[in-house]
Amino acid sequence: MFVRPFGACWLVQTPAKLNLFLEVLGRRPDGYHELETLMTTFSVYDSLSCQAEPAGELRLDCRWALGLESQRNRTRRLATLCPWEPLPEEKENLVYRAVRRLRERAGVAQGATLRLVKRIPAAAGLGGASSDAAAALVAANRAWNLRWSRAQLREVAAELGSDIPFFLTGEDAWRGAAICRGRGEILESLPRMPPLVVVAVRPPVGLSTAAVFRACQVSSRPKSVQELVEAIGRDDVRQVGRLLHNGLQEAASSLSPWIGRLQREFQRSGVLGHAMSGSGSTYFALCHTVGQARRLAGRLRQQCCGAVFWGVTGR
Ligand code: C5P
């Protein structure tokens, strides 16, 4: 996350995430699932600006980045091929709810004008809405001069969504990886994360997190994240590729044919490893080189299989 002042505004660039590992350890009495997951930031960014409003009004304008909006218009006839779905209404948006919650908790009378430009697709398992909400907490904290610590912001964040605290792991310029346990809100950040070259595809149809968790089975022989952590510590990218794992993948495959389709596509492409991210529907591959990633991304774009990104993790 990058945070900087610009005139009377605070600007935040906030990244997507990928799950390199996710295991479902159990069902909890509160309806959530106990997880062990390793998440890393990924170089696709949403942009948020926030300006304090002394009059007290809270406003949010949220839209897809310009290029994506025109892509959406071009593919309108092919609505089912368009991953840039309509965004939630102002007051339903997690960004709005996060800032409203912070305002209540801090007893602030001021309002804020927030503008969000989105590039991270929704219903994707890329943490877009969570990343935006984390960015909004950081920006409003600055705009209202609250001086809350990241730990204090993480507490509010955890009430709003399981993945939001991850994006508040470090200080302003933090990028990297963390093991997340509990619902996903208990964090252990990793000291190092080699940049991994990734191609990620968000198919035309997204998946609901709640629906995927409802369909999932608790693993009877759970895998541990430890081997992967050791491979990351040694910068052993080949081994990282072999150890990618997602315990929600089977459930997601039963709900969307795109998961199996992308899995087969990546199996043929000679990558280091591949898996689904979070609760899907994004599927990603770890590549040997930037060249391989660019070629693979180009081929997938021609096949019209959704939104295709290539980039690096830990950025
Ligand atoms: O926490 P968040 O609002 O992102 O979760 C969305 C839904 O995903 C929850 O309502 C729950 O059904 C499911 N979930 C879960 N176990 C988790 C995280 C999410 O069952 N650890």
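**View 1. Asp235 counts as partly exposed, with 36% relative accessibility.** The terms used here are buried (under 20% relative accessible area), exposed (over 50%) and partly exposed (in between), with a 1.4 Å probe and protein chains only. Asp235 sits in the loop between helix 6 (226–233) and helix 7 (237–243). Helices (H or I, at least four residues) and strands (E, at least two) are DSSP runs, numbered from the N terminus. If you check backbone torsions, note that Asp235 has a positive phi of about 60° although it is not a glycine. This is a predicted model, in which local features need pLDDT of at least 70, side-chain atom pairs count only at pLDDT 80 or more, and totals for chains, interfaces and linings use all residues. Residues are numbered from 1 along each chain as its sequence is written, and side-chain values use heavy atoms, without hydrogens and water.

**View 2. Arg147 is another non-glycine residue with a positive phi, here near 60°.** Its place is the loop between helix 3 and helix 4. Arg147 is exposed, at a relative accessible area of 69%.

**View 3. Gly280 and Ser281 are joined by a cis peptide bond.** Omega of this bond is about 10°. Ser281 belongs to the loop between strand 10 and strand 11.

**View 4. Lys91 lies in the loop between helix 1 (66–74) and helix 2.** With a relative accessible area of 45%, Lys91 is partly exposed. Setting aside neighbours within four places in sequence, Lys91 is in contact (heavy atoms within 4.5 Å) with Tyr96 and Arg97. To place this view against the rest of the chain, Lys91 and Arg261 are 170 residues apart in sequence and 36 Å apart in space, C-alpha to C-alpha.

**View 5. Helix 2 and helix 3 cross at roughly 35°, their axes coming within 8 Å.** Axes are lines fitted to C-alpha atoms, for helices over the stretch in contact, with angles from 0 to 180 degrees between N-to-C directions. Helix 2 passes helix 3 in a right-handed crossing; right-handed means that the near helix is turned clockwise from the far one by less than a right angle, left-handed anticlockwise. On the helix 2 side, the contact is made by Leu94, Val95, Ala98, Val99 and Leu102. Helix 3 brings Ala129, Ser130, Asp132, Ala133, Ala136, Leu137, Ala140 and Asn141. By class, this contact of helix 2 with helix 3 has 10 nonpolar, 2 polar and 1 charged residues. Here Ala, Val, Leu, Ile, Met, Phe, Trp, Tyr, Cys and Pro are nonpolar, Asp, Glu, Lys and Arg charged, and the others, Gly among them, polar.

**View 6. The axes of helix 2 (residues 94–106) and helix 4 (residues 150–160) come within 10 Å and cross at roughly 130°.** That angle makes helix 2 oblique to helix 4: under 35 degrees counts as roughly parallel, over 145 as roughly antiparallel, 65 to 115 as roughly perpendicular and the rest as oblique. The crossing of helix 2 past helix 4 is right-handed. Leu94, Arg97, Ala98, Arg101, Leu102 and Arg105 of helix 2 meet Leu153, Val156, Glu159 and Leu160 of helix 4. The residues of this contact between helix 2 and helix 4 comprise 6 nonpolar, no polar and 4 charged.

**View 7. Helix 3 and helix 4 also have axes within 10 Å, crossing at roughly 130°.** Helix 3 is therefore oblique to helix 4, and helix 3 passes helix 4 in a right-handed crossing. Leu137, Val138 and Asn141 of helix 3 make the contact with Arg150, Leu153, Val156 and Ala157 of helix 4. These residues of the helix 3 and helix 4 contact divide into 5 nonpolar, 1 polar and 1 charged. Within helix 4, Arg150, Leu153, Val156, Ala157, Ala158 and Leu160 are buried, and the buried residues of helix 4 pack against helix 2 and helix 3.

**View 8. The largest nonpolar core has 44 residues.** Such a core is a set of buried Ala, Val, Leu, Ile, Met, Phe, Trp, Tyr and Cys residues joined through side-chain atoms within 4.5 Å. Met1, Leu48, Leu102, Leu137 and Trp144 have the most contacts inside this core. Elements giving two or more residues to the core include strand 3 (33–53), helix 2, helix 3 (128–143) and helix 4. Helix 3 gives the largest share, 9 residues. Leaving aside neighbours within four places in sequence, Trp144 touches residues including Leu58, Val99, Leu102 and Val108. A second, separate core of 35 residues includes Leu18, Leu68, Ala275 and Leu286.
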